[in-house]
Structure formats: structure tokens, C-alpha cells
Amino acid sequence: MKAAAALKSFRNIRENPTSYLKDINKPIIGYFDTYIPEEIIMAAGMHPARISPDDRQITAANSKVHGFACSVSRNFLDQLMRENIPHLKGVVFSRYCDSLRGISDVWEENAAGSFYHFLRYPTVVRKDSIEFLSGEFRDFADHLSKRFDVIISEKLLIDKINVVNRKRFLLLKFYDMVKKGKLIINSADFISIVSLATIMDSLEYMEKLNLIIDGYKSVSDRSLRDRTKLSISSIMIESLPFFRLIDKANMRIVTDDLMYGSRAAKVIVEKSEKGPYYALSKRYLNKIPCSTKADSDLRISELIKDCKEADVKGVLFYLVTFCDSEEAEFSIIAKTLQENKIPVLLMEGGYRLDSEGQFMTRLQAFNEQIGDRL
Ligand code: SF4
């Protein structure tokens with residue numbers, strides 16, 4: 001398979017991840033946020049799948065949750081209730097945000113005997129937090145072992161840690177090529193490739209991404225070269241129609257600050273003499289934080305660094321309505337971007353594109369405002 005075929009395959013899978021998961025031939029453990037250690041699920045011989053929002057209207061979940069939950073988390077519950085994910089054997093939650101905490105409680109009551117696990121992340125990171133979280137990770141592994149009658153040896157876990165490390169390295173190489181203008185693709189393709197890293201089988205993903213990286217000349221679309229380059233910052237927006245709109249507005253996403261994107265790819269697991277659980281715990285506590293976790297300094301400095309490396313003209317900040325932590329963090333991010341002379345456009349909405357016309361007008365106006373800046 002060559003680069004063009006690999007890109008086409010990514011597009012097809014992104015269009016219909018459910019159909020891809022149907023053929024995966026392994027029991028699936030689903031999760032929402034990238035604080036869940038996919039390495040442990042892989043070591044249990046199962047497939048870790050981040051359940052990304054689909055574009056369907058929320059139906060079943062509306063009877064279970066009230067206004068406390070944002071639409072992204074309600075879509076997550078809706079997919080669970082619709083049994084949208086084939087071969088799903090269970091779901092693991094973490095202490096991520098209040099909306100998901102509520103969804104987790106509802107799902108625990110409605111999971112009808114399927115595997116359910118809640119990872120108690122420490123709310124404050126102190127010296128002993130790494131030990132605490134590594135104990136939580138061990139409990140998670142024990143729970144999987146007992147429930148599915150599998151043995152998770154440390155050797156197997158180290159093997160899977162190495163696989164995921166390699167995947168993160170490769171994805172960072174991809175980011176680098178796009179940032180530096182070596183690989184030129186549209187926003188919808190960019191986000192498809194990035195988001196599938198936590199949905200697809202890791203080995204298959206790396207095989208396809210390697211083909212694109214090696215054959216970058218054949219998939220680069222030089223006609224997109226002069227489009228206004230942007231970064232996107234958010235917890236979560238994954239809807240392809242949204243990214244196609246950015247492309248239609250003559251702009252191009254070349255770097256991101258997304259929960260499932262660069263924040264999940266950066267920081268690898270480093271070997272520790274205290275064993276793989278400790279090493280994993282250290283990595284997950286030190287990853288680039290979401291607004292629901294640590295303070296924003298590291299997130300913002302990484303965002304600015306990427307913006308400068310990619311020479312973007314501006315940042316789109318996508319705020320999910322009712323996401324309090326992002327709302328609070330936006331003012332700090334906007335202020336720091338302004339201090340660095342990087343314009344920012346705030347857009348607010350749900351898990352899918354609902355007001356195309358209004359968004360298009362704002363994107364075009366933003367492009368006019370920043371497009372000619374040096
Ligand atoms: S968008 Fe915000 S409120 Fe909604 S699930 Fe994500 S972190 Fe929680």
C-alpha cells in the first residue's frame with residue numbers, strides 16, 4: 001500500500017470508525033479521555049478505543065442526564081446506550097470533569113453487567129501522587145485480569161508501553177512535517193490522521209502513517225500551500241464537517257492543542273527502576289495537561305511553541321458549551337496569545353457542527369483579518 005492508498009484508508013476509517021471497530025477482531029474497552037492508559041488495555045490482549053463523538057443527534061441519553069452535562073459527554077453516553085461500538089466489553093472512566101463524572105455514575109447503573117472501571121486520578125499532584133496512581137493502574141490491570149481471565153505480566157506491559165511510545169514518536173514526526181510545510185494536507189485529513197491514533201490498532205496505524213511519512217511528496221497538495229495556517233485549541237472537537245468548513249474558508253490547520261491530539265502524543269513513558277506501573281503513572285501525571293487537570297502553564301507554552309514553529313497566522317479556540325474548565329482557561333490562553341501577537345478566534349458550540357452559516361461567516365472574517373499579516 002502506498003501513501004495515497006494509506007491516506008484514503010485513514011479517510012474511510014475516520015468516516016466510519018464503527019465499521020472499522022467491527023472488524024478489529026478483539027474485545028474492545030472504550031474510554032473517553034486520554035488519561036486512560038491504553039498500554040494496560042493492550043497488555044490484556046484487548047483493543048483500547050477512544051470513543052469519539054459521532055455526528056448523530058443525542059436521543060437515548062437525554063432521558064438519563066439533565067443539564068449538568070455538556071453535549072460531548074452526553075453524546076458519549078448516547079453511543080454507549082445505543083450500543084454503537086461493536087465488540088465493546090466495557091468502559092473505563094477517570095476523574096476528568098464533572099460532566100463525565102455524572103455520565104460515569106449513570107453508566108455504572110446502566111452498564112448491564114459489562115466491565116466498568118473508574119480510575120481515581122489524584123486531584124492535586126504531590127510527591128506521593130505517582131505511587132498513588134501507579135497503585136490505581138495496578139488495580140485497573142487486576143480488575144481486567146480477573147474479569148477477562150487474562151494474565152498481564154510486567155514483560156507484556158513493557159512491550160505495549162514500547163509500542164505506544166513508538167506510535168507517539170511517529171505521530172510527533174508527522175506533526176513536525178506538517179508544521180514545517182514538508183507535508184501539506186487539508187484540515188479534514190490532518191484531523192483524521194491525528195484523531196485515529198487513539199481509535200485504530202496501534203501497529204496498523206503506524207504502518208499506514210509510515211507510508212504517508214515516507215511518501216509525503218505524493219500526498220502533499222501544493223495548491224493548499226498559500227492557505228492561512230492555523231492552530232486549533234480545545235478539549236474536543238472532532239467533527240469532520242467542522243474541519244471541512246475551515247478548509248472551505250481557505251484556511252488550514254497545521255498544528256493543534258487538543259485532548260486527543262498533540263496533548264496525547266507528547267511525553268513518552270520513560271523506563272523506571274520502580275517498574276512499568278510507576279513509569280506509566282509518571283508519564284500520565286506529567287503529560288501536557290487538559291484544563292480539567294493541572295494549571296495551564298505547560299499547555300500554553302506548548303501551544304505558543306507549536307504556533308511559532310508552524311508559523312501560524314492565528315488560533316481557533318473551540319469552546320464546548322457548558323465546559324467550565326475550558327471557559328475559565330480561555331481567558332488566560334487568549335491573553336498569552338495576544339502578548340505573543342497571535343490572534344485568536346473564539347468559537348462556541350457542541351460536539352458537531354450545528355450552525356454552518358454562522359461559523360463560515362466568522363471564519364471568513366477572521367481569515368480576512370489575519371490572512372495578510374506578515
Ligand atoms: S467538553 Fe469539558 S465538560 Fe465536556 S466532557 Fe470534555 S472536559 Fe468535560
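User: Into how many nonpolar, polar and charged residues does the shell around the ligand divide?
Analyst: This is a predicted model. The residues around the ligand are C70, V72, S73, C97, S99, L100, I235, M236, T292, V320, C323 and E326. Cys counts as nonpolar in this scheme. The shell around the ligand therefore divides into eight nonpolar, three polar and one charged.

User: Which helices each supply at least two residues of the shell around the ligand?
Analyst: The shell includes V72 and S73, and also S99 and L100. The helices to check are those that span residues 71-81 and 98-110. Each supplies at least two residues of the shell, and their names are α4 and α5.

User: What is the order of the strands in the open sheet that has β6 and β8 as edge strands?
Analyst: This sheet has four strands with parallel pairing. Strands β6 (251-257) and β8 (344-349) each pair on one side only. From one strand to the next, the twist averages 30°. The order is β6-β5-β7-β8.

User: Which residue in β8 stands opposite Y318?
Analyst: Strand β7 covers residues 314-320 and runs parallel to β8. Six bridges join β7 to β8. The residue in β8 opposite Y318 is M347.

User: At about what angle to β7 does helix α15 run?
Analyst: Helix α15 spans residues 324-339. It lies across β5 (228-234), β7 and β8. Angles over 145 degrees count as roughly antiparallel, and the angle of α15 to β7 is about 170°.

User: What is the strand order in the open sheet with β2 and β4 at its edges?
Analyst: The edge strands β2 (47-50) and β4 (115-119) each pair on one side only. Neighbouring strands are turned by 25° against each other on average, with direction ignored. The pairing is parallel, and the order of the four strands is β2-β1-β3-β4.

User: What is the bridge partner of I28 in β3?
Analyst: Strand β1 covers residues 28-31 and strand β3 covers residues 88-94. Four bridges join these parallel strands. In β3, I28 has as its bridge partner L88.

User: Is helix α1 roughly parallel or roughly perpendicular to helix α8?
Analyst: Helix α1 (residues 3-15) and helix α8 (residues 187-196) have axes 9 Å apart and pack at an angle of about 75°. Angles of 65 to 115 degrees fall in one class. The angle therefore makes α1, relative to α8, roughly perpendicular.

User: How many charged residues are in the contact of α1 with α8?
Analyst: L7, F10, R11, I13 and R14 in α1 meet D189, S192, I193, S195 and L196 in α8. By class, five residues of this contact are nonpolar and two are polar. The number of charged residues is three.

User: What radius of gyration does the protein have?
Analyst: The C-alpha atoms fill a box of roughly 60 × 45 × 45 Å along the principal axes. For 374 residues, a compact globule would have a radius of gyration near 21 Å. The value for the protein agrees with this, as it is 20 Å.

Note on methods. Residues numbered from 1 in each chain as written. Predicted model: local features only at pLDDT ≥ 70, side-chain atom pairs only at ≥ 80, totals over all residues. Pairing = 2+ DSSP bridges. Axes fitted to C-alpha atoms, helices over the stretch in contact; angles between N-to-C directions. Contact = placed C-beta atoms within 7 Å. Parallel < 35°, antiparallel > 145°, perpendicular 65-115°, else oblique. Near = placed C-beta within 6 Å. Rg over C-alpha atoms; globule rule 2.2 N^0.38 Å.
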